[in-house]
Structures are given as structure tokens and as C-alpha cells.
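Work through the exercises below with the sequence and the model open. Try each task before reading its solution.

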Amino acid sequence: MSTDLVTEVHELQEGWTSAADERRLAEIFLGVHGVELTELKNAINRRDDHHDLEELLFDDVDDDEIRARVLAHLAAEAQALGRVGVKVLSDIDDTVFPMIHETRYPRGHTPVPGVLAFLQALDDGPVDNPLSRGDLTFVTARPELAMGLVEGSTKDALRTAGVVSSSVLAGELLGLRSKDAMADVKLANVERYRQAFPEYGVVFVGDTGQGDVLVGTRMREAYPQDCPAVFVHDVVATAQPERDRLAALGVHVVDTYVGAAGVARGLGLVSEAGVAEVTEQALAELDEVAWESAEQERDTRALFERDVAALLG
């Protein structure tokens, strides 16, 4: 995969994309095949700013015919390759950062203990040397603003938390009307993402606060083979019968990311080393939490102790 092509694509993404730019982008994609095409797309997606592959294909390229040709090429090459792994798509608020409904930790931009290690374990998968690594994608209902301000600020917060490389799929104002509207926006973004990376399956990680359960169940219903599992961080004290119902649908409600790692191991999505890393990081980060009360610490630690015991048992 030529780094010159990646550089050229990045340059074509800057500013307004002309008709000539769009034709050149089509030439680039149509001229690359197989694993090299997958590597090109992954490299395009690993940018520090708000530009990424999904934006390139669905926003920068305005010509429907050009977009259709490129997407058809991506689909054909993906079919020839077969499944090369899974991409990890994660919500942000209350999934990564305790911001709205999560009360077991102080609110702010300190990640929930173990979440980043869990996302990384999913990204690495059950075997060594995955085809793509370090390109986590975050899905939010927050509306995108001019010049990628939402994506930029989100990436800044994620970088501060330790996520070196990521892409962000932002929402729109109408998506904030209700949980159903939030789910619709996220699902539309997920579908566009799947068209950009059809050679990958997807694993979604969300929370129970703002429509992610609906996102997860719809994903599992629409493409159960391509979405092997959904993990939902519980922030509203979901009752066990509802957890059992959702688990039967492939949507797993968890209290800690140690517990999530155990479920993922059982599904063959993470390695033993990945589970160990999640557990180690989660417990270390738990010790760094600036608790708001002794009761908050006691109740939250009890959940971790239970889930660690389940891993060892």
C-alpha cells in the first residue's frame, strides 16, 4: 500500500472537493485491490483531524455515480477477501465517559475503569496480528458542527484519555429529539460505515441511557452474522429478566468492563491476554477514581469484585 496514495487522498479531502478531485479519488480506489485496498482504507481513516473514510465517501464525494462505483468496488473486493476481522464501534457519553446517567463514578472526562482496555481487546481480537489495530470508531448522537468541531473536541478528549487514533461518526440536531431519533442517527452512521468497510464485521459497545439498546438490537436483527455481539454498559439498573431477554438477542448488558471482557472471551471475540489486560487496567484505574462518597466506592467496588470472581471461577 503506497503512502503516496494516502497522502494524496488526505490532500484531496482538504477544503472543497471539486469534480476533478472526485474523479481522481475514484481512480485511486478503483486502482487498488485486495488486502492493499483494506490497508489503504485503514490508513485514510487514521487521521488526527475530523476527516475520515466515511466522510470522504458520503460527504466529500457529491457525485452519486462516482460514489456508487467506488462502493461497488469496495463490496466486490471485500467479497473476494472474506471476513478479515471486526471493527469496534463505541458510543461515548456514559459508555466511555460518565456524563449523563452514570452515577457510579464522578462525572467528567475520566474514562470508566477498563473501558479503553476493553475496546482495545476487542480491536485486537482473539488472535495475534490483526489486519487493523488502533483505529477505534466512536458513534455519537451529538450534532456535527461546522469544520468538524464536535469531532475535533471529542478526539481531543479521547487523546487525553489515551486513545491515540480514532474516528468519530457524529449526529445531527434532529437526532436529539428522542431516544428513537438518537438510535436512527447512529444506525444510519453505522450503515454508512459498513459500506466503507464491508470486509469487516462490527461489534457495538454502548450504554443503557440513550437509545443504544435499540441500536444494538436493530443491528443484531439486521445483520446477525456481521454483528456477532453488542455490549451495553448498564447505567439505569436494568433488571435481570430484561438482561436475560437481551442476552438471548446477542445484546449483553454489563456492569463493569471486566464483566464485558468475560462475556467477550466466551464468545471468542477476545484473547485470554486481552481479558487479563482489561482486568489489570480496570482495577488500576479503579484505584485512581476520586470517589464522591464512601458509599459510591463501596457499591462500585462490589461490582468489580463480583465480576473478577466470575472470571476466576
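**Exercise 1: The whole chain**

Task: State what share of the contacts with a separation of 6 or more comes from residues 24 or more positions apart.

Solution: Contact means heavy atoms within 4.5 Å. In the protein, residues 24 or more positions apart account for 71% of the contacts with a separation of 6 or more.

Two remarks on the source apply throughout. The model is predicted, and local features need pLDDT of at least 70, side-chain atom pairs count only at pLDDT 80 or more, and totals for chains, interfaces and linings use all residues. Residues are numbered from 1 along each chain as its sequence is written, and side-chain values use heavy atoms, with hydrogens and water left out.

**Exercise 2: Two helices in contact**

Task: Describe how helix H1 and helix H3 pack.

Solution: 
- Step 1. Locate the helices, which are DSSP runs of H or I with at least four residues, numbered from the N terminus. H1 covers residues 3-13 and H3 covers residues 34-45.
- Step 2. Take the angle between the axes, which are lines fitted to C-alpha atoms over the stretch in contact, with angles running from 0 to 180 degrees between N-to-C directions. The angle is about 45°, and the axes are 10 Å apart.
- Step 3. Classify the angle: under 35 degrees is roughly parallel, over 145 roughly antiparallel, 65 to 115 roughly perpendicular, and the rest oblique. H1 and H3 are therefore oblique to each other.
- Step 4. List the residues. Leu 5, Val 6, Val 9, His 10 and Gln 13 of H1 meet Leu 40, Ala 43 and Ile 44 of H3.
- Step 5. Sort them, with Ala, Val, Leu, Ile, Met, Phe, Trp, Tyr, Cys and Pro as nonpolar, Asp, Glu, Lys and Arg as charged, and the others, Gly among them, as polar. The contact has six nonpolar residues, two polar and no charged.

**Exercise 3: Buried or exposed?**

Solution: 
- Step 1. Buried means under 20% relative accessible area, exposed over 50%, and partly exposed in between (1.4 Å probe, protein chains only). Of the 313 residues, 54% count as buried.
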